Amino acid sequence: MQPQRWAWVDVDLDAIRHNVDVLRTVVAPSDVWVVVKANGYGHGAPEVAAAALDAGAAGLCVALVEEGVELRAHGIDAPILVLSEQPSESAATIVANDLTPTVYTNGFIDAVAAAVLAAGRTECPVHVKVDTGMQRVGARPEAVAGLVTRVREQSPALRLAGLFTHLAVADEPDDEFTTVQLGRFDEVVSVTGVAEGVALHAANSAGALAHPAARRSFVRAGIAVYGVSPGHGVDDLCGDLRPALALRARVSFVKKVSAGSRISYGLRHTFDRDTTVATVPIGYADGVPRRLSSTGGEVLIAGRRRPIVGVVTMDQLMVDCGPADPVAVGDEVVLIGEQVGRDGPQRIRAEDWADRLGTIGYEIVCGIGTRVPRRTGPNIGPSMVER
């Protein structure tokens, strides 16, 4: 159903399936677990999870217990790994929802074991996180053997199901630190003597694409599943991926403006000619960065690139449509995605925004606000404009 608000996100679930299939082919015989944290990187976690599993993903990863609970509430019964330790108070919820916790402290190991016993469950699989150099979370290599022993001591309440690490510079293939991290990880695996049946994993999207040695039992694929490059260092490996998200709106108001007049807060943009300006009802409260106009941000209207002019406001932005081309209320505006007009297909990618703003594509798609309605389905592709 067409959203009543004149701004919306389209999510192409066929693109999600396609990207999972591409990644499975690249990393075979390793499996693919799909990361659906942050509401599926802004795409809609339950819908993405279902499409990814349909395409052959072996499991899912989330950042928060609440994210795993949401997936269970939508009928997702695949393995779900929570990627970092959670508050000890959440252990009962983890166990009740058959989530797989990450552990790297004795205290959390004991909390999960106690929750299993209190619930009368048989066991809970856990993954031990190793910090091989990212220095965000995880146990230092020299502490891992003790943690593995602690998990085993809690058997049968706990079962060591995985051992993993996270790569800091996988999107920079020439940086040797990835090799250093994998070497540290292999040493931990050797020292702990983990048995057959314990999953080993290290690769994020960039690791999966660029570092065959990192693929191990499975890869944790996040941003690549959504068709966004993990970084410019691996752009050349992303050619078969398809962006799944498009951010669209409609023109809500049209006005003629005179040369020399100024626009938006601060009146920072001055028009150098008479022109037509279209107002678009989407702004920084929806995830369009306020300074996008000052860094050369554009939209597509009638299949043509048009500059955003003036400061992006909370709920609206303005676009210079030129003095000659017609534009009308209700015309489609593409902020991220494709539009086909008389000059052929045009595309604005999340990565284009990221480059203009000095950030990464992850931040762009995750930043699209929850008040922007999502439409999900197959084959939601480029729109056609006949003007």
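Modeller: This is a predicted model. Start with the contacts of the whole chain. Among those with a separation of 6 or more, 68% join residues 24 or more positions apart. Buried residues make up 53% of the 387 residues. The chain holds eleven helices and 21 strands. Its C-alpha trace spans about 75 × 45 × 40 Å along the principal axes.

Now go to strand 7, residues 158-164. This strand is mostly covered, with six of its seven residues buried. Strand 7 has strand 6, residues 124-129, as a parallel partner, and six bridges link the two. Within strand 7, arginine 159 stands opposite proline 125. To get from strand 6 to strand 7, the chain passes through helix 7, residues 141-153. That β-α-β crossover is right-handed.

Strand 7 also pairs with strand 8, residues 199-201. These two run parallel and are joined by three bridges. Leucine 163 has leucine 200 of strand 8 as its bridge partner. Here the chain crosses from strand 7 to strand 8 by way of helix 8, residues 177-192, and this β-α-β crossover is right-handed.

Next, serine 205. This residue sits in helix 9, which covers residues 205-210. Serine 205 counts as buried because its relative accessibility is 2%, and the cut-off for buried is under 20%. Leaving out residues up to four places away in sequence, serine 205 touches Arg220, Ala221, Gly222, Ile223, Ala224 and Pro230. With isoleucine 223 there is a polar approach too. A polar atom of the serine 205 side chain lies 3.4 Å from the backbone nitrogen of isoleucine 223.

Helix 9 leads on to the largest pocket. The volume of this pocket is about 620 Å³. It is lined by 28 residues, and the closest to its centre are Lys37, Tyr41, Arg136, His166 and Asn204. Helix 9 is one of the elements that give two or more residues to the lining, along with helix 2 (37-41) and helix 11 (361-366). Helix 2 gives the largest share, three residues.

Key
Residues numbered from 1 in each chain as written. Predicted model: local features only at pLDDT ≥ 70, side-chain atom pairs only at ≥ 80, totals over all residues. Heavy atoms only, no water. Helix = DSSP H or I, 4+ residues; strand = E, 2+ residues; numbered from the N terminus. Buried < 20%, exposed > 50% of the residue type's maximum accessible area, 1.4 Å probe, protein only. Polar contact = N/O pair within 3.5 Å; in protein donor to acceptor, adjacent residues only side chain to side chain. Contact = heavy atoms within 4.5 Å. Pairing = 2+ DSSP bridges. Right-handed = clockwise from strand over helix to strand, strands pointing away. 1 Å grid on protein atoms, 1.4 Å probe; cavity = no way out; pocket = protein on both sides within 12 Å on 5 of 7 lines; lining within 4 Å. Points joined across faces, edges and corners; volume = space filled by probe spheres on them.
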